[in-house]
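This report covers helix packing, an aromatic pair and a few individual residues. The structure follows.

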Amino acid sequence: MRSFSELIETVSSFRKKMKLAVVMAHDEETMKAVLKAKEMEIVEPVLFGNKEKMKLLADSMGVTLDVEIINTEDPIEASRMAVESVAKDDAGILMKGMVKTGELMSIFLRKEYNLRTERILSAVSVHEVPTYQKLIVISDGGMVISPNLQQRIDIVENAVFVAHSLGIEKPRVALLGTGKEDSLTAEMIILSKMFQHRSDCIVDGPITLDFALSKEAGFSDVLIVPHIEAGNILSKALVYFSHGKAAIVVAGSRVPIILTSRADGEETRFLSILLGVLIAQNGVRSNV
C-alpha cells in the first residue's frame, strides 16, 4: 500500500462494517469524518455523549444524524460506556472527540477492561507526502514522553505492526539520530542490534533523516524518532509545510484508538478512522 487512495480502496472493499465508538462527537470536524466513513459504509458509528448537542450540531451542518446515540452529558460517563463497548467487543475501534485525552485514557487503561497488552501504547502516524514515493510511518510523536530502552522496543514493535497492516511485508525501520557520542546514540545502537535477526523487518540506526529517506538506505518505511517532541514536530511539518496527509492511531492495545488533536481537520480524522479499521480488520486483538 503506497498511498491513501489505496487505503480507501482496500477498506471500502471490506464486507463487514466495523463498529466505531466515538466519545463526545460535539465538534464539526469529528462529526464530518465519522459521517463520511458511515456514508461510505466503512463503519457503523455509535456516538456517546450529549444527544441534544450532537443533534444541534448536525442541524447546523445540514445533515441528518441517522446513527445510534448513547445519551449522557458527562464526558467521564461517555468515556466509560464507550470503553466498555470495545471491551465487550460491541465495537472494534475507539475514537476521541471533545473529551480530555487523560480522562479517556485513564478509563481505557483500567485493568478491569483488559484492553492493555504487554507492550506500551504509542502514537503511530502514517503520512502521504507529495515528494516521497510511498507512505511513511512515524513514531512516537504523541504518547511516550521519555522512553527507556524497553519502551523503545515496544515503539518499534507497534510501528512495525502498523506497517505490516499496510501490506509492507518487511519494513525498513530507521532509528533517527545524529550519531553524536552520547547515551541516546548508545541506546539506539543496542536497539538496532536487538532487531538484527528479525525476518519481518530491517532496523538500522542511529541514522540521520536525510540518509533514512535516501536510496542508499532503501527509502525507509518507518521513522522512529528519539523523543516525543521530535516526532510531533516532524509529523506536523509534513502536514503543514509539505502539503502532506496524515492518519494517526494509538497502537499497542487490544483495539486501535484514534486520538487526533484539536487542530486536526476532517481529512486527518477520516483517514485515521480508515487506518483504525484496517488495523482492527487485521486482528489487532490477537496481536499481543
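At what angle do helix H6 and H10 pack, and how far apart are their axes? The model is predicted, and in it helix H6 (residues 149-165) packs against H10 at an angle of about 90 degrees, with the two axes 9 Å apart. H6 is therefore roughly perpendicular to H10, since angles of 65 to 115 degrees count as such. On the H6 side the contact is made by Phe161, Val162 and Ser165, which meet Leu275, Leu278 and Ile279 in H10. Sorted by class, the residues of this contact are 5 nonpolar, 1 polar and no charged.

Helix H4 (residues 75-87) packs on helix H5 (residues 101-108) at an angle of about 40 degrees, and the axes are 9 Å apart. This angle makes H4 oblique to H5, and the crossing of these helices is right-handed. In H4 the residues involved are Pro75, Ile76, Ser79, Arg80 and Val83; their counterparts in H5 are Glu103, Leu104, Ile107 and Phe108. The contact of H4 with H5 comprises 6 nonpolar, 1 polar and 2 charged residues.

Which residues does Ile76 touch, leaving aside its neighbours within four places in sequence? Ile76 has its place in helix H4, and its contacts of that kind are Glu103 and Ile107. Both of these belong to the H5 side of the helix contact. Ile76 counts as partly exposed because its relative accessibility is 35%, which falls in the range between buried (under 20%) and exposed (over 50%). From Ile76 to Gly49 there are 27 residues in sequence and 9.7 Å in space, C-alpha to C-alpha.

Another residue with a C-alpha distance is Ala230, in helix H9 (residues 228-240). Ala230 is partly exposed, at 24% relative accessibility. Ala230 lies 196 residues from Val34 in sequence, and the C-alpha atoms of Ala230 and Val34 are 30 Å apart.

The structure contains 1 aromatic pair. Tyr132 and Phe219 form this pair, with ring centres 6.5 Å apart and 70 degrees between the planes, an edge-to-face arrangement. The pair joins distant parts of the chain, as its residues are 87 apart. Tyr132 sits in the loop between strand E5 (122-128) and strand E6 (136-139), and Phe219 in the loop between helix H8 (209-212) and strand E9 (222-224). Tyr132 is buried, its relative accessible area being 14%, whereas Phe219, with 27%, is partly exposed.

Is Asp264 buried or exposed? Asp264 is located in the loop between strand E11 (257-258) and helix H10 (266-281). Its relative accessibility is 8%, so Asp264 counts as buried. With neighbours within four places in sequence left aside, Asp264 is in contact with Glu29, Lys236, Ile248 and Arg269.

The accessibilities of the residues discussed above are collected here.

| Residue | Relative accessibility | Class |
|---|---|---|
| Asp264 | 8% | buried |
| Tyr132 | 14% | buried |
| Ala230 | 24% | partly exposed |
| Phe219 | 27% | partly exposed |
| Ile76 | 35% | partly exposed |

Conventions. Residues are numbered from 1 along each chain as its sequence is written. This is a predicted model: local features need pLDDT of at least 70, side-chain atom pairs count only at pLDDT 80 or more; totals for chains, interfaces and linings use all residues. Side-chain values use heavy atoms; hydrogens and water are left out. Axes are lines fitted to C-alpha atoms, for helices over the stretch in contact, and angles run from 0 to 180 degrees between N-to-C directions. Helices (H or I, at least four residues) and strands (E, at least two) are DSSP runs, numbered from the N terminus. Angles under 35 degrees count as roughly parallel, over 145 as roughly antiparallel, 65 to 115 as roughly perpendicular and the rest as oblique. A crossing is left-handed if the near helix is turned anticlockwise from the far one by less than a right angle, and right-handed if clockwise. Contact means heavy atoms within 4.5 Å. Ala, Val, Leu, Ile, Met, Phe, Trp, Tyr, Cys and Pro count as nonpolar, Asp, Glu, Lys and Arg as charged, and the others, Gly among them, as polar. Rings of Phe, Tyr and Trp (its six-membered ring) pair if their centres lie within 6.5 Å; planes under 30 degrees apart count as stacked, over 60 as edge-to-face and the rest as tilted. Buried means under 20% relative accessible area, exposed over 50%, partly exposed in between (1.4 Å probe, protein chains only).
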